[in-house]
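The entries below follow the order in which I went through it.

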Amino acid sequence: MFFFTALTFLSKSESITYDDDNIVYVTESNFTNVMKTKPAAILFIQQGDFQRYRYLSDFISASSYIGTRCYFAIMDGDRNKYFVQQLHLKHTKGYYFYRYGEFVEEYKGDPSPDSIYKYAMEKTGLPFTTFDDYPTAQEFIESHPISVVLFEKKAGGPLFEKFNEIAERNRDNYAFGCSPDPDVTYELRIRYVPSIVLYRNTDKSKVFYPYNLTEGTVENITEWIEQNKNPNYEIFNINNQQIYEQTKELGLFFTPVEQEDLDKALRTISMVTTQYKNKLRFAVIDAVNGNRFMQSIGFSRYADPAFCVLNYTGKRVIKYLYTEGSEFRPKQILHFIDEVFAGNINQTIRCSELPQNNTDIVSEINSKTMKSKIQDYNCQTVILFYEEWDRLYSDFLPIFREIAAEFPNLQFAKMDASKNDILYGHMLPSTPCIKIFGSDPKSKTFTYTKKLLKEPVTKWIKRKLQKKDEL
């Protein structure tokens with residue numbers, strides 16, 4: 001009888017409310033007054049087609065077990081076509097979810113009663129999911145772009161109620177979960193309880209709420225979620241660092257790979273990047289994949305967690321290294337950044353020790369002596385840039401000495417590129433390589449990167465000497 005009555009109502013344009021408490025019929029004249037009083041409502045807009053009554057029947061059936069936690073609103077799309085357009089809805093036929101008269105999203109799922117019922121329960125039931133086991137928790141985290149999870153010892157208490165309010169307010173924007181199970185907490189590698197963790201699938205990151213959860217208000221935590229919904233840092237593009245040349249200074253973190261140490265580091269990184277995201281561009285790389293680069297800028301092999309400020313805007317990268325071994329805490333790192341911008345921190349320059357007896361025909365130079373070695377003598381200087389561990393270098397060094405003996409009018413030197421910054425001339429394309437410098441800073445520099453054999457290297461030097469006017 002009710003279904004027949006509903007069909008009769010659809011043929012009329014007047015404002016009508018059904019006998020069932022959670023079903024309403026809306027038109028242009030009553031839409032605002034009716035919908036703004038409903039904490040949650042699914043609006044069904046129907047046009048005349050051969051399935052019209054079946055869809056309506058399914059929609060009404062889905063409302064049967066929900067109660068007033070969710071209202072089911074019905075609108076005739078034919079009679080209210082222009083009003084639907086004013087609502088900026090995509091179609092004059094479909095399902096739309098509202099909270100207190102504010103449009104939230106379009107429902108694009110299956111129109112069956114069971115599917116609509118489940119959707120209504122999801123939008124109006126508990127605002128968060130409680131995890132019973134690790135697979136469920138992991139699937140939940142991986143299936144949402146952004147999820148916020150409370151790890152607590154029990155389901156209840158002031159923090160639990162606070163989290164419930166936060167989830168209720170923000171349920172349409174984020175997925176919320178709760179784990180009172182110590183086994184699930186352990187499997188997800190959370191070492192501190194209670195904790196609130198934001199998981200971002202965009203960059204596969206997890207961000208810890210870095211402040212005191214007891215003191216944090218609903219507004220404080222909600223603001224923190226908003227601030228961290230987009231990454232405040234990116235994954236460092238170690239193979240394409242040219243992308244940083246036209247940007248502001250880069251704050252680069254090298255993170256540990258062991259989970260407990262990583263979690264501690266991420267807490268610090270989260271706080272630093274949140275506070276200074278408008279001052280610095282931040283990037284992160286783990287200390288395994290970034291180890292060689294970490295050492296190349298002046299850190300030791302096991303420096304992580306480590307931090308530095310890099311400036312790519314000049315001919316070479318200017319580096320400011322946070323002192324290795326210092327406390328990796330937000331307050332100290334923020335102070336370091338302030339000091340860098342205030343000009344109170346000197347840039348870090350790697351410079352190796354020179355041997356006491358440096359009289360070899362191929363002398364050793366470092367970043368401090370390179371410029372004077374080239375400019376203080378009225379001749380060309382041939383420099384072999386190497387890394388000490390490289391067998392290509394060790395095999396070629398005796399040959400390089402032989403070549404040096406054949407050119408008494410030239411200077412020959414070598415520099416360990418892994419222990420020195422190149423402060424003169426252009427950056428090295430690779431190592432080992434050979435460069436010829438003229439004493440005049442404006443003269444052209446030549447670079448050799450081919451096979452390190454005596455004959456081709458000797459011929460290359462002779463060809464460049466014939467172009468002395470260019471040097």
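This is a predicted model: local features need pLDDT of at least 70, side-chain atom pairs count only at pLDDT 80 or more; totals for chains, interfaces and linings use all residues.

I began with L384, which stands opposite I434 in β20. The two strands concerned, β18 (residues 381–386) and β20 (residues 433–437), pair in the antiparallel sense over 5 bridges, where pairing requires that DSSP finds at least two bridges between two strands.

Residues are numbered from 1 along each chain as its sequence is written, and side-chain values use heavy atoms, with hydrogens and water left out.

**Sheet with β18 and β20**

I then traced the whole sheet, which is open, has 5 strands in the order β17-β19-β18-β20-β21, and is mixed in its pairing. The edges are held by β17 (363–364) and β21 (446–448), each of which has a single partner strand, so one side of each is left without a neighbour in the sheet.

Helix α14 (residues 391–405) packs on this sheet and touches β18, β19 (411–416) and β20, contact meaning heavy atoms within 4.5 Å. The direction of α14 makes about 165° with that of β19; axes here are lines fitted to C-alpha atoms, for helices over the stretch in contact, and angles run from 0 to 180 degrees between N-to-C directions. Helix α15 (residues 454–465) also packs on the sheet, where it touches β18, β19, β20 and β21, and its direction makes about 170° with that of β21.

**Strand β19**

How many residues of β19 are buried? I found that 6 of the 6 are, so β19 is largely enclosed by the rest of the structure; buried means under 20% relative accessible area, exposed over 50% and partly exposed in between, with a 1.4 Å probe and protein chains only. In a regular strand the side chains alternate between the two faces of the sheet. Both faces of β19 are covered, with Q411, A413 and M415 buried on one side and F412, K414 and D416 buried on the other.

The strands β17 and β19 run parallel and are joined by 2 bridges, whereas β18 and β19 pair in the parallel sense over 6 bridges.

**Helix α15**

I compared the length of α15 with expectation: its 12 residues should span 16 Å at 1.5 Å a residue, and its end C-alpha atoms are 17 Å apart, which agrees. The expected span is 1.5 Å times one less than the number of residues. Its buried residues are V457, T458, W460, I461 and K464. They cover an arc of only 160° around the axis, which puts them on the same side of α15; the arc is that of the directions from the helix axis to the C-beta atoms. These buried residues pack against β18, α14, β19, β20 and β21.

**Helix α12**

In α12, P330, I333, L334, F336, I337 and V340 are buried. They cover an arc of only 155° around the axis, which puts them on the same side of α12. The partners against which the buried residues of α12 pack are β13 (250–255), α10 (259–276), β14 (281–286), β15 (306–311) and β16 (318–321). After α12 comes G343, whose phi is positive, near 80°.

**Sheet with β10 and β11**

I finally looked at another open sheet of 5 strands, ordered β7-β9-β8-β10-β11 with mixed pairing. Its edges are β7 (129–130) and β11 (205–208), each with a single partner strand, so one side of each is left without a neighbour in the sheet. The antiparallel strands β10 (residues 195–200) and β11 are joined by 4 bridges, and R200 stands opposite S205 in β11. Helix α7 (residues 158–170) packs on this sheet, touching β8 (146–151), β9 (175–179) and β10, with its direction at about 160° to that of β9.
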